[in-house]
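Let's take a walk through a protein model together, one stop at a time. Keep the picture in view and look up each spot as we reach it.

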Amino acid sequence: MINISILGYGTIGSGVFQVLKENCQIITERTGEETRVKSILDLREFPGDCAEELIVHDFKEIDNDDSIQIVVETMGGLHPAYEFVKASLEKGRSVCTSNKALVAAFGPELIKIAEEKKCNFLFEASVGGGIPIIRPLKSSLAPDEIEQISGILNGTTNYILTEMTEKGADFETVLKDAQAKGYAEKDPTADIEGHDACRKIAILASLAYGRQTGFEDIYTEGITKITDRDINYARKLGSKIKIFGSCKKQGDKVSAMVAPVLITPKHPLYSVDGVFNAILVKGNMAGDIMFYGQGAGKLATASAVVSDIMEAAKHRGINIKTIWDSQKLELVPFEESVSKFFVRLSGTKAENEAKARKAFGSITPVEAGYSDEYAFITEEITEGAYARAEKELGNVINKIRIGNQG
């Protein structure tokens, strides 16, 4: 019998309990031993819930229970999740978490403790919800040098951009709709400003390259500046606007970014719409491999957490090696990153064309029927060169990078 404690009985925690209960026979057959949730930490009471009798309100009750072998952290946030997870690992208990903020901030430290204590710190559900990506990076793609990872890593923003594209609605209207349907939080800042995707690409880059990739070092741009006009220009170009989290090997350094991009139907992620997520990984031997599925949701995410529970159950007393050093990964300076840009300027073509060519050199004009602005696509230039040209012009409405077309 393997005894489990769940920290947090919210959406994901209750989903983990449900998966363990409903699929208990399958889980027992595949791990070789029965699993049982012995306690659940939460400040609230749950009268009438099937887990009512398991609720405890003090972490010390779990910490002092020597029969607990696996701890599941689904509280979210950094504190007290970090303290509880660290204490559990130091007692030799494996920890499974869906907490991307915790993993991005403290991954190397917690992995090292798990290695020293011959237990495991597992976090499959921290990126991509129900999409398996962490374990494939660590095992299936272990022989490869990872050349590039790019992905639609946030279902909320993908839903908003899809609705804007398909219905021609403006950003604020679609955001309210997403909130009403439960796809966006009451405070959607982490999603729409790109912070959620940033933490996820930081975790993937850290695993791909074996060193800590600080999410605070990654250039991050959200979707709040995308308008119905941008969507219409994209349509004229036969493209869609998506927001990507990406990292790419460049010599002995790595570039990383979260930002909206324009992609054509040639791109493998072009048809990934709605709340779905997809991650494209390019290995130097395996080539392009795509992971697609529900990037969030109660049971999809809970399923990924339970997969980690099963891994931990099958490896009791054996640490599964994870290469993620605390030494910072050196990122290419943002100013040196190279892109093509779609740019919109206020004012007429007559007022802007010569100025734009002077600032950017060779450009390709884009027409979408607007007489009060001028739009064009640049050649490949550095972010630094773009910033200087934008400052010189002084009338840029918006800019969107042109995505690598796969």
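This is a predicted model: local features need pLDDT of at least 70, side-chain atom pairs count only at pLDDT 80 or more; totals for chains, interfaces and linings use all residues.

Let's start on the inside. In soluble globular proteins, nonpolar side chains tend to be buried together. Here, the largest nonpolar core has 78 residues, and the members that touch the most others are Phe121 and Leu204. Which helix gives the most to this core? That would be helix α10, running over residues 195-209, with nine residues.

Now zoom in on Leu204. Setting aside residues up to four places away in sequence, Leu204 touches Val127, Ile133, Ile134, Leu137, Ile149, Leu153 and Ile279. Click through those one by one and you'll see which parts of the chain meet at Leu204.

Is Ala205 buried or exposed? Its relative accessible area is 1%, and the cut-off for buried is under 20%, so Ala205 is buried. Once residues up to four places away in sequence are left out, Ala205 touches Gly210, Thr213 and Cys247. Val254 is 49 residues away from Ala205 in sequence, yet the two C-alpha atoms are 8.6 Å apart in space.

Val254 turns up again at our next stop, Lys248, as one of the residues in contact with that lysine. Look for Lys248 in strand β10, which covers residues 240-250. Its relative accessibility is 35%, so Lys248 counts as partly exposed. Besides Val254, and ignoring neighbours within four places in sequence, Lys248 is in contact with Glu147, Gln148, Tyr209, Lys253 and Ser255. If you jump 132 residues in sequence from Lys248 you get to Glu380, and the C-alpha atoms of these two are 16 Å apart in space.

Time for some helix pairs. Helix α1 (residues 11-22) and helix α12 (residues 298-314) have axes that come within 8 Å and cross at roughly 65°. The crossing of α1 past α12 is right-handed. On the α1 side, the contact is made by Thr11, Ile12, Ser14, Gly15, Val16, Gln18, Val19 and Leu20, while α12 brings in Lys298, Leu299, Thr301, Ala302, Ser303, Val305, Val306 and Ile309. Sort the residues of this contact by class and you get nine nonpolar, six polar and one charged.

The other pair is helix α13 (residues 349-360) with helix α14 (residues 383-393), whose axes are 9 Å apart and at an angle of about 150°. How do these two run relative to each other? An angle over 145 degrees counts as roughly antiparallel, so that is the description for α13 and α14. Their crossing is right-handed. Lys355, Ala356, Lys358, Ala359 and Phe360 of α13 make the contact with Tyr386, Ala389, Glu390, Glu392 and Leu393 of α14. By class, this contact has six nonpolar residues, four charged ones and no polar ones.

Next, head to strand β2, residues 35-41, and find Ser39. With a relative accessible area of 8%, Ser39 is buried. Residues up to four places away in sequence aside, Ser39 touches Ile4, Ser5, Ile6, Leu54, Val56, Ile62 and Ile68. Take Leu54 from that list: it sits 15 residues from Ser39 along the chain, and their C-alpha atoms are separated by 4.7 Å.

Asp65 is in the loop between α3 (59-63) and β4 (68-73). Asp65 is buried too, at a relative accessible area of 19%. Not counting residues up to four places away in sequence, Asp65 touches Lys38 and Arg93.

We finish with two details of the backbone. Most residues other than glycine have a negative phi, and most peptide bonds are trans. Against that background, check the peptide bond from His79 to Pro80, which is cis, with omega near 10°. Pro80 is found in the loop between β4 and α4 (81-90). Then look at Lys118, which is not a glycine but has a positive phi of about 55°. You'll find Lys118 in the loop between α5 (100-116) and β6 (121-122). Lys118 counts as exposed, at 55% relative accessibility.

How values were computed. Residues are numbered from 1 along each chain as its sequence is written. Side-chain values use heavy atoms; hydrogens and water are left out. A nonpolar core is a set of buried Ala, Val, Leu, Ile, Met, Phe, Trp, Tyr and Cys residues joined through side-chain atoms within 4.5 Å. Buried means under 20% relative accessible area, exposed over 50%, partly exposed in between (1.4 Å probe, protein chains only). Helices (H or I, at least four residues) and strands (E, at least two) are DSSP runs, numbered from the N terminus. Contact means heavy atoms within 4.5 Å. Axes are lines fitted to C-alpha atoms, for helices over the stretch in contact, and angles run from 0 to 180 degrees between N-to-C directions. Angles under 35 degrees count as roughly parallel, over 145 as roughly antiparallel, 65 to 115 as roughly perpendicular and the rest as oblique. A crossing is left-handed if the near helix is turned anticlockwise from the far one by less than a right angle, and right-handed if clockwise. Ala, Val, Leu, Ile, Met, Phe, Trp, Tyr, Cys and Pro count as nonpolar, Asp, Glu, Lys and Arg as charged, and the others, Gly among them, as polar.
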